[in-house]
Amino acid sequence: MYAVIATGGKQYKVSEGDIIDVEKLGVEVGEQVIFDQVLLLSGDEEVKIGDPTLPGATVEGSVIREGRGKKIIVYKYKRKTGYHKKNGHRQAYTKVKIDKINGTVI
């Protein structure tokens, strides 16, 4: 069984036991988090698609850690004017382990 969830403006295909990196949630390490925006549920033979989400379906997970991703360089440049600007950015993320997918596929 797997599900497609939406969080932080992105969509993730998850199944029980998966470890995913999502946008920072602001939850302490070890706490439970519930994703209620489930877009799709798939069982062994059946698939249930939401419009846009499935009512009553949730995905439970536990927070493993929070961190920051690899640094990317943002470089702006305009020719002939002498303008250039260099900036770096590290995106914050939360690492979540998917514990349980709640919902029925009928």
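## First stop: Ser42

Select Ser42. Beyond its neighbours within four places in sequence, Ser42 is in contact with Met1, Tyr2, Val47 and Val105. The model is predicted, so read what follows as computed from that model. Ser42 sits in strand 5. Is Ser42 buried or exposed? Ser42 counts as buried, at 5% relative accessibility.

## Along strand 5: Leu40

Stay in strand 5 and select Leu40. Leu40 is buried, because its relative accessible area of 18% falls under the 20% cut-off. Now show what surrounds Leu40. Leaving out residues up to four places away in sequence, Leu40 touches Tyr2, Ala3, Val4, Val47, Lys48, Ile49 and Leu54. For a distance, pick the C-alpha atoms of Leu40 and Lys95. The two residues are 55 apart along the chain, and these atoms are separated by 22 Å.

Move to strand 1 (residues 2–7) and strand 2 (residues 10–15). How many bridges join strand 1 to strand 2? Six bridges do, and the two strands run antiparallel. Select Tyr2 and look across: Tyr2 stands opposite Ser15 in strand 2. Then go to the turn. Two residues lie between the strands of this hairpin, and Gly8 takes a positive phi near 65°.

Select Thr7, which is in strand 1. Thr7 is buried, with a relative accessible area of 12%. Apart from its neighbours within four places in sequence, Thr7 is in contact with Tyr12, Val22, Leu25 and Phe35.

In soluble globular proteins, nonpolar side chains tend to be buried together. Here, select Ile5, Val14, Ile20, Val38 and Val59. These residues touch the most other members of the largest nonpolar core, which has 18 residues. Colour by strand next. Strand 1, strand 2, strand 3 (19–23), strand 4 (32–35), strand 5 (38–42), strand 7 and strand 10 (92–102) each supply at least two residues of this core. Which strand gives the most to this core? Strand 10 does, with three residues.

Centre on Val14. With neighbours within four places in sequence set aside, Val14 is in contact with Tyr2, Ala3, Ile5, Ile20, Val59, Ile98 and Ile101.

## Strand 4 and its two faces

Show the side chains of strand 4. They alternate along the strand. Val33 and Phe35 point to one face and are buried. Strand 4 and strand 7 pair in the antiparallel sense, over four bridges.

## A cis peptide bond

Go to the loop between strand 6 (47–49) and strand 7 (58–68), and select Pro52 there. The peptide bond from Asp51 to Pro52 is cis, with omega near -5°. Asp51 is found in the loop between strand 6 and strand 7 as well. Is Asp51 buried or exposed? Asp51 is exposed, because its relative accessible area of 76% is over the 50% cut-off. Asp51 and Leu39 are 12 residues apart in sequence, and their C-alpha atoms are 7.7 Å apart in space.

Select strand 8 and strand 9. Seven bridges join strand 8 to strand 9, and the strands run antiparallel. Pick Lys76 and look across: Lys76 stands opposite Lys85 in strand 9. This hairpin has four residues between the strands.

Next select Lys80, in the loop between strand 8 and strand 9 (83–89). Lys80 has a positive phi of about 70°, although Lys80 is not a glycine. Lys80 is exposed, with a relative accessible area of 77%.

## Last stop: a surface patch

Return to strand 8 (residues 72–78) and select Tyr75. Tyr75 is partly exposed, with a relative accessible area of 48%. Which residues make the nonpolar surface patch? Ile73, Tyr75 and Tyr77 make this patch of about 370 Å².

Note on methods:
Residues numbered from 1 in each chain as written. Predicted model: local features only at pLDDT ≥ 70, side-chain atom pairs only at ≥ 80, totals over all residues. Heavy atoms only, no water. Patch = residues over 30% accessible without salt bridge, like charges linked within 9 Å, V, L, I, M, F, W, Y side chains within 5 Å. Areas by Shrake-Rupley, 256 points an atom, 1.4 Å probe, with all protein chains shown as cover. Salt bridge = Lys/Arg side-chain N within 4 Å of Asp/Glu carboxyl O. Buried < 20%, exposed > 50% of the residue type's maximum accessible area, 1.4 Å probe, protein only. Pairing = 2+ DSSP bridges. Core = buried A, V, L, I, M, F, W, Y, C linked by side-chain atoms within 4.5 Å. Contact = heavy atoms within 4.5 Å.
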